[in-house]
Amino acid sequence: MKNFEKFRNRLVKLFSTKLFARGTSTAIEHSPKPILRRLMAILSILIVFLGIGSGTLLLQQQRHFLDDMFSTHNNELSHDYQTLLKQQAVGMSLALQPIVENSRVKKGLREGDVKSLLADWAPVFEKMKVENHLTHFYFIDKNRICLLRVHKPEKSGDLINRFTAQQAEWTHKRSWGIEIGPLGTFTLRVIQPVYENGELLGYVELGKEIEDILQLLHTESAVEIAVLIRKEYLKQDTWEEGMRMLGREGEWNQLPQFAVIYASQKRLPENFESVANTHIDGDNSYESKHQEIRYDGKDWRVAMMPLIDASGKEIGDMMLMKDISEEQTEFIRFVSINALAATLMVGIVLGIIFLLLRRTDGQIHEQQAGLREAEERFEQLAKQSKTFIWEVDAQGMYTYVSDVVESVLGYRSEELVGYIYFYDLHPKEGREEFKKAVFDLFERQEPFNDLENRAVSRDGRIVWLSTDGIPNIKEGIVLGCRGSDTDISHKKEAESQINTLAFFDQLTGLPNRTLLNDRLKQSIASGARNGHHGALILIDLDNFKTLNDTLGHESGDTLLKVVAQRLSGCVREGDTVARLGGDEFVIVLSGLSADENEAATTSELVGEKILASLKENYLIDGTNHRSSASMGITLFKGDGVSVDELIKQSELAMYKSKEGGRNGLSFFDPDMESSLKKRSKLENDLRKGIEEGEFVLYYQPQLDDKGRVFGCEALVRWNHPERGMISPAEFIPVAEETGLILPLGEWILKTACRQLLLWSKVAETEHLSVAVNVSARQFGQSNFVDSIIAILEESGAKAERLKLELTESLLVQNVEEIIKKMEALKALGISFSLDDFGTGYSSLAYLKRLPLYQLKIDQSFVRDILVNTNDAIICKSTIALAESMGLSVIAEGVETQEQRNALAEIGCYAYQGYWFSHPLSLEKFEQFCITQR
């Protein structure tokens with residue numbers, strides 16, 4: 001618009017000068033009428049030719065102006081598009097790195113273990129879909145055969161023959177690019193080979209539809225966008241399926257040669273469709289793709305920008321549609337005004353010839369009015385672009401500022417001129433550096449462009465400006481400077497948003513892993529220089545997955561946000577708090593003491609402060625929730641240790657805290673690594689043992705006060721092929737943490753129900769019931785009730801003989817959902833026993849609502865019932881409570897005759913413990929039942 005105004009002003013000045021000169025000379029030559037008529041005829045012809053030439057010139061200039069403006073805008077849009085693609089590819093590459101380095105991924109690719117890959121990464125993909133809009137997640141073997149589509153597990157086994165995959169195979173490096181997906185979708189893909197000891201194991205690929213990039217381009221540029229793909233690269237049925245998947249209206253026959261896979265408008269108008277048809281049939285040069293269209297009462301400029309896929313092949317075009325009605329209106333206004341001005345000037349000239357020279361004065365006044373009007377229009381355009389003109393003297397004092405400054409900074413020009421130095425508008429922080437840098441430019445007597453700086457507006461806002469300037473020099477002396485400032489705050493805000501997406505966690509606002517690695521490297525380098533220690537603290541929330549599974553991910557996200565706030569409040573301003581991922585946070589403490597013991601003490605104090613903060617109540621959805629954390633700390637002093645090694649050390653220390661009962665902190669010890677390897681082997685053996693049926697059930701008898709066996713508790717034992725029988729105390733916690741408790745618990749229930757059916761066919765055992773422990777994780781499954789019903793139907797066991805034992809820890813979850821599931825199972829005949837009663841913190845208000853059958857007194861109270869008055873009172877209170885609620889009572893851990901008698905005296909008549917029998921194998925248990933009859 002600035003160039004257009006300059007062009008217009010030059011024309012006005014040119015026309016005015018020539019017409020006035022011509023008019024004056026004509027007025028002086030006073031001739032008879034015939035001469036005047038001939039002169040008038042000549043003047044008329046000249047005026048006509050001048051009008052035609054001027055109109056033609058204006059049209060050409062307007063056309064060139066629009067072409068240049070639109071081409072520049074399209075080039076900027078193309079650059080922004082490529083920049084966004086690269087930024088997204090970098091983000092996806094960063095997300096790929098920890099995946100390809102994951103040992104379980106390498107094992108899964110090596111063994112073709114699709115099941116474990118899906119189990120491990122399906123939750124991660126769901127999270128990446130929400131946070132990063134990813135739509136594709138592949139695991140591919142080394143022959144480019146698809147092992148698993150995490151986003152579509154039912155489809156696998158096909159050859160991945162896309163160019164990015166081939167390029168990754170040829171170069172042995174990460175490859176990325178835009179490709180047309182099998183469903184006709186426009187997908188950005190990043191694929192990386194996975195190696196182990198130099199051996200290619202396969203590939204991992206991430207992909208996302210770029211609709212959000214196109215939407216951002218549309219929003220930022222105010223240009224309507226449509227993506228057209230040539231039909232020769234698509235199949236109609238799969239393309240229509242892809243459009244339905246993305247929730248778009250796909251019409252295959254809308255264009256003869258193209259398929260529209262994205263449009264910022266609801267539907268591509270027919271007028272624009274003709275551009276696409278003309279383009280494919282005609283000249284394909286870039287210049288030929290500019291067309292002007294009249295649609296919906298507006299003028300549009302349309303261009304076709306070629307779309308190149310990862311292989312360099314042109315697969316279609318991006319149609320760019322810009323509304324130029326405002327520019328056209330401005331041009332028409334300009335032509336009209338100047339046509340009117342020309343008419344007036346011609347009339348004045350003729351008036352001068354036929355009337356009086358005094359009319360010249362009136363013409364001069366009219367020209368002045370026209371100039372003022374032109375200045376006003378120029379000022380309006382400057383306001384629209386938020387650019388103001390300025391001039392300063394050699395000391396930096398404003399000597400001129402255009403009125404547009406008020407719309408940018410809120411100051412009137414008269415408030416600045418003669419009162420304010422240009423550097424006074426800069427924020428106080430960094431003001432002197434800015435002043436020195438600008439005056440250095442003055443001294444060099446050099447013009448400058450695109451100097452980005454900040455200014456404080458009248459209302460205190462920080463406004464980013466792009467400054468162009470040229471020194472005002474006379475006889476080698478700098479008298480000042482003049483230039484322009486343009487408001488670029490929106491541009492800086494967009495850059496800030498991109499930086500936030502790349503380096504900060506979107507949920508908590510904390511630095512992400514990428515930024516953490518950078519700051520940790522800086523801290524290591526600082527320690528190497530000054531000899532001071534630093535500390536890396538890894539924090540893992542205890543039982544966070546249970547909260548997520550029971551109360552939902554929204555509640556989990558709320559907890560993570562509060563945790564982030566509390567962690568930030570526990571450290572110094574220069575320390576770093578980051579989110580590593582999931583429920584893991586990292587704190588980097590820098591500049592600790594040079595003495596290792598003092599540094600460790602400081603780190604421990606910070607850790608204890610964090611633990612205390614995280615233990616405080618959380619109010620989530622109107623409900624108080626308690627949480628804790630396990631923490632691992634490792635010290636460093638720039639001694640060559642890598643970032644990955646430090647994180648690994650802190651993880652080992654954190655696992656030590658977990659094993660120590662959670663809600664604590666531990667420092668790194670090299671012995672931890674061997675302990676972690678041992679635990680990892682136990683986890684692998686446990687998974688293999690479940691698959692190969694290495695587990696057996698033992699049965700511990702439950703007897704009444706007459707010594708008769710009325711039931712038993714089913715207890716799982718692991719008959720390891722190398723280590724022999726392994727205690728549940730060793731493998732059950734690992735099963736709970738890894739989720740293997742779900743298949744193991746299902747096997748226990750199925751085995752116990754099958755045994756109930758067999759016992760029901762024998763007179764000596766038909767009366768027996770079996771109690772099975774159910775973990776909170778099992779009970780929290782949405783299909784838990786259905787799975788129990790299926791097991792009963794499959795085994796043929798009677799539901800009345802099955803008793804499910806629940807722990808009080810289950811009651812910290814969604815009580816309403818628990819009650820609903822218990823009532824559904826109770827309706828089938830299944831009974832419930834509350835295990836370890838008295839050791840938890842369940843509410844009696846909840847307890848009376850639970851459809852329980854039995855309370856089970858914990859062995860910790862039974863053990864000291866004869867010597868500890870408190871334990872005896874607890875046992876007696878439990879029995880009284882059960883009687884008042886109509887529940888039965890059984891005591892576990894009865895190891896002596898005296899304990900049994902003491903329990904009987906206070907009203908407990910059902911027992912389980914070593915005094916009667918240890919847990920027995922099936923054969924020994926059945927023999928025990930026969931001998932007790």
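Trainee: Which residue lies over the face of Tyr-423?
Mentor: In this predicted model, that residue is Lys-435, which sits at 4.4 Å from the ring centre of Tyr-423. In another such arrangement, Arg-162 lies over the face of Tyr-138, at 4.9 Å from the ring centre.
Trainee: And which residues do ring pairs link with Tyr-423 into a cluster?
Mentor: The cluster joins Tyr-423 with Tyr-421, Phe-422, Phe-434, Phe-439 and Phe-442, while a search of the whole structure gives 19 aromatic pairs. Among those pairs, the rings of Phe-422 and Phe-442 have centres 6.3 Å apart and planes at 50°, so this pair counts as tilted. The pair links distant parts of the chain, 20 residues apart, with Phe-422 in the loop between helix 12 and helix 13 and Phe-442 in helix 13.
Trainee: Is Phe-422 buried or exposed?
Mentor: Phe-422 is buried, with a relative accessible area of 10%, and Phe-442 is buried as well, at 6%.
Trainee: Switching topic, how many cavities of 30 Å³ or more are there?
Mentor: The count comes to four, and the largest cavity holds about 200 Å³ of space. Its lining has 19 residues, and those nearest the centre are Tyr-398, Phe-422, Phe-434, Asn-453 and Asp-485.
Trainee: Which strand gives the most to that lining?
Mentor: Strand 13 does, with five residues, although strand 11, helix 13 and strand 14 each supply at least two. By type, the lining of this largest cavity divides into 14 nonpolar, three polar and two charged residues.

Key: Residues numbered from 1 in each chain as written. Predicted model: local features only at pLDDT ≥ 70, side-chain atom pairs only at ≥ 80, totals over all residues. Heavy atoms only, no water. 1 Å grid on protein atoms, 1.4 Å probe; cavity = no way out; pocket = protein on both sides within 12 Å on 5 of 7 lines; lining within 4 Å. Points joined across faces, edges and corners; volume = space filled by probe spheres on them. Helix = DSSP H or I, 4+ residues; strand = E, 2+ residues; numbered from the N terminus. Nonpolar A, V, L, I, M, F, W, Y, C, P; charged D, E, K, R; others polar. Phe/Tyr/Trp six-rings, centres within 6.5 Å; stacked < 30°, edge-to-face > 60°. Buried < 20%, exposed > 50% of the residue type's maximum accessible area, 1.4 Å probe, protein only. Lys NZ or Arg CZ within 6 Å of the ring centre and 35° of its normal.
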